[in-house]
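User: I would like to learn how to read features in a predicted model. Please take them one at a time, with the general idea before the case.

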Amino acid sequence: MPKWGKGRLQRTKKDNDWSGSKRSNKSRRNSRFSDKDLDDNLQRFNRIRTEVNQQLQIGMNSVRAGMEDFQARRGRRHERITRQKPKRGHKARVNVIYGLVFLSFTSLIFRMAYLQIVKGPQFRTQASTTITNTVPVLPPRGRIFDSNGTLLAYDQPVYSLVLMQSNTNMQQLQATADILAPVFNVTSASIMANINTQKQYAVIKLFKNINESQVAFVTEHQSELPGVTVELDSERIYPYGALAGHVLGYVGPITTQTMSYYVNQLGYLRNQQVGETGIENEYNNLLEGSVGQQDIIFDKAGNMPQSVVMNPAPAAGDNLQLTVDGHLQAVTQEDLVSFINKSPYQSTINDAAAVMLNVNTGAVLSLVSYPYLDPNWYTVPGKLGKHATYLATSGAQQNNAIQNPNYPGSTVKPANLITGLEYGAITPQTAYTVPYQIYIAGAIKHDDMPHGFVNDALAVTVSSDVFFYNVGLDLAKWFGASPSSGGAPAGGVSLQTWRDTDFAKGLTELFNGEWRFGLGQLTGIDLPGEQQGNFFVMDANQNYAAVPFNLAAAKKSIQKTGQYTNYSTPVSIALSAIGQEQQFTPIELAQYVSTIANGGKRIQPHLLQAVYPPGLVNQIGNSQKPSKQVKPKVQANLNLNPTYLSIAQQGMWGVCNNPLGTAYADFQGAPYQAAGKTGTADIYLNGVHMTNSVFIAYAPFKNPQVAVAVMIPGGGYGAESAAAIARNMIDTYFKEHHEFYPKSQWESTTIPANWLTSQANTAFTAK
Amino acid sequence: MLQFWKKIDLVLILTCVALSVISCVAIYAATHGKTNPQIPSHAWAKQMVYSAVGFVVMWLAIAIDYRSLRKMHWWLYGVTLLLLTAVFGFHAVNGARSWIPLPGFSLQPSEFAKLTLIVTLASLMANTDEAEYPDYRIRKTLPMWGLMIVPFALTLKEPALGQAIVMFAIFCTMYIMFLRRTWFVLSVIIFVAFSIVFIVLPVEFPGLAMNVVQNVIIKHHLLHGYQANRILTWLDPSYQTSGAGYEIHQAQTAIGSGQVFGEGWLRGIETSSGGVPNQWTDYIFTAIAEEFGFLGSSVVVLLFTILVYRLIRAASVSKDTFGTYIIMGVVGLFAFQVFENIGMDMYLSPSTGITLPFISYGGSSLVANYIAVGLAINIRKRSPAFHFSKTYT
């Protein structure tokens, strides 16, 4: 190829370079073309080749472009666009959006111009010929129901006559007063005087609590009475009077003491009613609802309100359902008062309390505090005066079930038995003949009767004090107390060393064994003002008087240093073991026995069962859905040794079912098996010795449902008063729940028809 | 130092300060001498404190590099969702669980949710813009819809319909910025057409529209009763003027009675007698309109127009698409809230609980607004074209 190519080119070149050039002969002879000609030709060739290549390139490019076009039509155009425009500008769009915003803002201006300039005078007239008065509107308070759905508290509508005043003229007012005076049996002058004293208010109260014929009169003569309207007010009513009065509490005005909380902190109005005690106070925030406002628009000419608008409307408070069983509560209250009135101890009984709990949920089924009070006395005008002396002197304002700790006596024995077993003071096999009396140091202490041979359970059943003195003394490592000897500290240590170490440890163990069941600590029941129980220790430096024992400090000190300084005596722990050196409230005792019954779960007692949305219902039925349901709250799981717990429970079963049991007589003939414990504590009231009658119980023995604690200071032995009340409460519970009893003895869940006239509801006025 | 000030949009800042001053004056007028238990004590003074806090926070928003938000936008979004969920654990105020009570003040997370929504969306959109092969197909934007729906639904559940709608308005503004040009044009046309229908419908065919609401929306429970009432009120100004329509009726009366020059500060007939409900929050504009008249209320609208104009300028000079999207989100936020809030007082749109930016009483809203403005200033400060733009535009 090169040869051919070269020859051809040479020929061409020859033609082209025909004119010739003066070169050397030699070169002319050998070759007719010079080197320069050759270069020229080479260049021309290259040029042609480049041209061809370019043409080819263009062809290829157009093919590629065609391909891309083709691809673009298949939907991938965006790729090409972005390759051409790597960054898109937003400027145009930004301006378009600005244009739209500008237009809409301009339309606002136009609209304003129309309203303010074109229609302005019309609106100005409209605004200035009407007057708006704003009056706060109190919300209806939530209602309270018992666990069976019975209504226990509600707001009763009360009509008042008010005068909405604005630009009032005196002549017109005088005319109004003249019309009203005869209907309300007053002089028109007194009406005018009343108006003048309230001149500064937008709404003047003319008459409160007006009757229906007066309401009708005002409605009929409305056109002659400009500005006068009938206003709805409310009054708190407790339809069952003294029933569960301490639980419900009552409402009252905001006082100077509560002002800063309600008015400044919560923003209440000064004329709002708030819960003063009980559930009314505890759940005031749920019951209260929220205040509304009423805009009353008058026209300027007449004084007639043009329209009345709620802005905002008041929101009623929630309805509450309690765990309290109204039937059981009523029967218990009546039973307690009639029992006391018939009792030989009537003169010494000043107060009493009874509590029944559901052992599995902590629900308070009944909570009675004697003497009773009727919350209506505080809320219905004119009633308080009649009862002021009674309320001030009887102690009825105190809720004895939660605020009045007293000596529990032997009811603490089941707890102490478990503690004794846990620390080895006794074993499940312990059994011996208890002496009637023993010396403890220098003192002689005896049982109420000789009990003979007892084991752990029987010691609870017969309530042997000496057996439990020994449990206490063993816990404190004070050995050798017997009918003939007062005993001595273990290991022959000095008395003070023993006090600070073994005694302090033993007493702490004993008290802590009670404390963990809820005794001596707040149960957390949802009522205001709960008081916790107390522990005491005898102090040799103070003539062996009982002084408060700080259990928490003792526990801490013993844990840290192994000792806790005190100046006590072995008698102190012996008496502690039988419940004479501590004070507990009935609610604490109820939580304690409930914890024994349910196997060691300390559940917080509670009174609120469910919250229902606002509404003027007269009963809670199955159709209503609660907005909130209260769940049981387990405060602690005691993890008790089942064997020990079972021994204590057996002992308590014996109390009610063994003929030797201290409450056997009380529970004779019961169709169910109860377990209980009596307590008879020595107390002094105004220097007079008497006994505190205490009883705790749960039933049925197997699968327990309810736990009861009854305390009647001054009521004799535990079995004499408290146990009888407890028996009646448990009977009523099972009769009402249709268990154990034959159908003929079943009771309904309604509050007994004769309740309002019963002693319990009526006997507490004159006293 | 001078360089720093040169780059700060002082006009924008002065506009906000002016609005804050108007706010305190108006809140004082709307609350003084009132016994309404819902009015917070010393509302105007509190608003002043909130303004000061907002002003300081704005400088913080200017000081940081807004581009760092892009790295942390998922965190912001996550925290926002947590807060929006947390409100359900607290007591309802006026029937809505919108607030988290903290010592001293209540936090309204939905106000800040609007900002985080803007930042998150802007970040996503900017990612697409800056990709080597940007993909603007509609289905690729589904994640953006998702990002908007979650806070939208949570806010709607509070219930705070107004706030939820603002979120949607923000989303729409940013979305049409992002879409392909064809879609943008189409959206604008649809928007304009919708607006015309919106204006013509109540004016020309109120009966028909009311029938639709009564027989379709209410019957099939598409809206809550009170929400349907608001639409009915808008369609028919005489609807339940002493019930559902009372608020707006009073609001319009107050605005109209302001006439050209207003009734004078603290001398408004409706304002001083508490005639307009919730006047210190949602209906604050009525206090300005009644006491300062057409003149005063025009100044307010004018100030808002300046505000939006400065934002628009910042958006158009920004060379960073992330920044542009943020600013346009903020534009959407302000423009919609201003139009809806002022418009509802005058029967231009159905009423919803939306605050008037910078003016309505409320700390969360105020601080959030100042942050939004701070971000815009920040973006403008960092856009290189700022110096040249003066010669070009």
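Analyst: Start with strands. A strand here is a DSSP run of at least two E residues, numbered from the N terminus, and two strands pair if DSSP finds at least two bridges between them. The model is predicted. In chain A, a hairpin connects strand 17 to strand 18 through four residues.

User: How many bridges join strand 17 of chain A to strand 18 of chain A?

Analyst: Three bridges join strand 17 (residues 478-481) of chain A to strand 18 (residues 486-489) of chain A, and the two run antiparallel. A:Ala481 has A:Gly486 in strand 18 of chain A as its bridge partner.

User: How do I read a whole sheet?

Analyst: Strands of a sheet pair through backbone hydrogen bonds, in either the parallel or the antiparallel sense. One open sheet in chain A has five strands in the order 12-11-28-27-26, with antiparallel pairing. Its edge strands are strand 12 (364-370) and strand 26 (675-685) of chain A, each of which pairs on one side only. From one strand to the next, the twist averages 10 degrees.

User: Over how many bridges do strand 11 and strand 28 of chain A pair?

Analyst: Strand 11 (residues 352-358) and strand 28 (residues 706-713) of chain A pair over six bridges in the antiparallel sense. A:Ala354 stands opposite A:Val710 in strand 28 of chain A.

User: Which helix lies across strand 26 and strand 27 of chain A?

Analyst: Helix 24 (residues 642-657) of chain A does, and this helix runs at about 80 degrees to strand 26 of chain A.

User: What is the strand order in the open sheet of three strands in chain A?

Analyst: The order is 20-19-21, with antiparallel pairing. Strand 20 (545-548) and strand 21 (582-583) of chain A are the edge strands. Strand 19 (residues 534-539) of chain A pairs with strand 21 of chain A over two bridges, and A:Phe535 stands opposite A:Gln582 in strand 21 of chain A. Helix 20 (residues 495-515) of chain A lies across strand 19 and strand 21 of chain A, at about 160 degrees to strand 19 of chain A.

User: Now the aromatic residues. How is a ring pair classed?

Analyst: By the angle between the planes: over 60 degrees counts as edge-to-face. The structure holds 40 aromatic pairs over all chains. One of them, A:Tyr261 with A:Tyr262, is edge-to-face, at 4.9 Å centre to centre and 65 degrees between the planes. A:Tyr261 is partly exposed at 42% relative accessibility, whereas A:Tyr262 is buried at 6%. A:Trp377 and A:Tyr390 form another edge-to-face pair, at 5.8 Å and 85 degrees.

User: Which parts does the pair of A:Trp377 and A:Tyr390 tie together?

Analyst: A:Trp377 lies in helix 14 (residues 376-379) of chain A and A:Tyr390 in helix 15 (residues 384-394) of chain A, so the pair ties together parts 13 residues apart in sequence. Both residues are buried.

User: Which residues form one aromatic cluster with A:Phe535?

Analyst: A:Phe511, A:Phe549, A:Tyr564 and A:Phe584 form one cluster with A:Phe535. A charge can also sit over a ring: the charged end of A:Lys555 sits over the ring of A:Trp515, 3.8 Å from its centre. The charged end of A:Lys735 sits over the ring of A:Tyr741, 5.2 Å from its centre.

User: Are A:Ser463 and A:Asn639 buried or exposed?

Analyst: A:Ser463 is buried, with a relative accessible area of 8%, and A:Asn639 is exposed at 66%. A:Ser463 has a positive phi of about 60 degrees, and A:Asn639 has a phi near 50 degrees. A:Ser463 is in the loop between helix 18 (456-462) and helix 19 (465-475) of chain A.

How values were computed
Residues numbered from 1 in each chain as written. Chains lettered and ligands numbered in written order. Predicted model: local features only at pLDDT ≥ 70, side-chain atom pairs only at ≥ 80, totals over all residues. Heavy atoms only, no water. Axes fitted to C-alpha atoms, helices over the stretch in contact; angles between N-to-C directions. Contact = heavy atoms within 4.5 Å. Phe/Tyr/Trp six-rings, centres within 6.5 Å; stacked < 30°, edge-to-face > 60°. Buried < 20%, exposed > 50% of the residue type's maximum accessible area, 1.4 Å probe, protein only. Lys NZ or Arg CZ within 6 Å of the ring centre and 35° of its normal.
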